[in-house]
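Hi,

Here's the structure I said I'd pass on.

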Amino acid sequence: MSAPREEWQLDTRRLGRRVLVFDRVESTNTIAGSATGQEGLAVLADEQTAGRGQHGRTWLAPPRASVLLSLRLSPPPPLRRPAFLTAWAAVAVCEVVRELVGVPARIKWPNDVLLRGRKVCGILIEQAHAGETGVTVVGIGLNVQQSDADFLAAGLPQATSLAALAGAPLDTHEVARRLVYQLDEDYDRLCGGDRNTLEALWKWHLGLLGRFVVAECADGAQRGRLIEIGFAGLELERPGRAPLVLRPEEVLHLEAEA
């Protein structure tokens, strides 16, 4: 691994007090995962050549076009659930997006953030690192500078970027700093015992409460009206049948029924 180009030292509470900034790496998640003993470390790259997405997909972006960020953390046991961690990262991204472009973002289950129906961010949670217990790496890829023409050329017509909706130029590294601060603030609140705020924001950004949905699980699809959603479970009301409660980790995809 090459040495970082620079290191930021941010005045955060728990995460990102050290941010290693690279020109080009294979994967920021790989670097953060191998940094034994460095709780709260953040890794940022202008470009990555083998970034990983959900289900083993490859995540690529032109240099300095996206925030390519990974954070290494050791959450307390109650917060190690992927549902908590994915919701935390997605809600923080939504807040930063709203601040920067003035448009509310939506979370697409389980780990994408949409801006006006198009994907602007993907999140990847990895929890197995060299036999260590309790270590989690959270990877975030947030599109900042790309144009619609860039996405069309890459065969990604359903993607968008912050620049497409921003009223003023954006600096990718400044977006990264704001995101680290937001993630740290929200994580500190979580560790302090406030999970209700995250749950309420997660529920709002999903935007599916009260709607008829299809919940795709490993053993098949379940349909019903979503009458509750939270970390304790998703409750589906099914006409003529008993309500069904699904753990968030059971649900692979969740979307409004057509």
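Below is what turned up, starting with a pair of helices.

This is a predicted model, where local features need pLDDT of at least 70 and side-chain atom pairs count only at pLDDT 80 or more, while totals for chains, interfaces and linings use all residues. Residues are numbered from 1 along each chain as its sequence is written, and side-chain values use heavy atoms, with hydrogens and water left out.

Take helix α2 (residues 82-101) and helix α5 (residues 196-206): their axes come within 10 Å and cross at roughly 70 degrees. Helices here are DSSP runs of H or I, at least four residues, numbered from the N terminus, and axes are lines fitted to C-alpha atoms over the stretch in contact, with angles from 0 to 180 degrees between N-to-C directions. That makes α2 and α5 roughly perpendicular (65 to 115 degrees). On the α2 side the contact (heavy atoms within 4.5 Å) involves Phe84, Ala87, Trp88, Val91 and Cys94, and on the α5 side Leu198, Leu201, Trp202 and His205.

Trp88 also touches Tyr187, a residue of helix α4 (residues 172-191). Tyr187 is buried at 2% relative accessible area (buried is under 20%, exposed over 50%, partly exposed in between, with a 1.4 Å probe and protein chains only).

As for salt bridges (a side-chain nitrogen of Lys or Arg within 4 Å of a carboxyl oxygen of Asp or Glu), the whole structure has 20. One of them joins Glu95 and Arg98 at 2.3 Å, N to O; both sit in α2, three residues apart.

Cheers

Conventions: Helix = DSSP H or I, 4+ residues; strand = E, 2+ residues; numbered from the N terminus. Parallel < 35°, antiparallel > 145°, perpendicular 65-115°, else oblique. Lists of a residue's contacts leave out its neighbours within four places in sequence.
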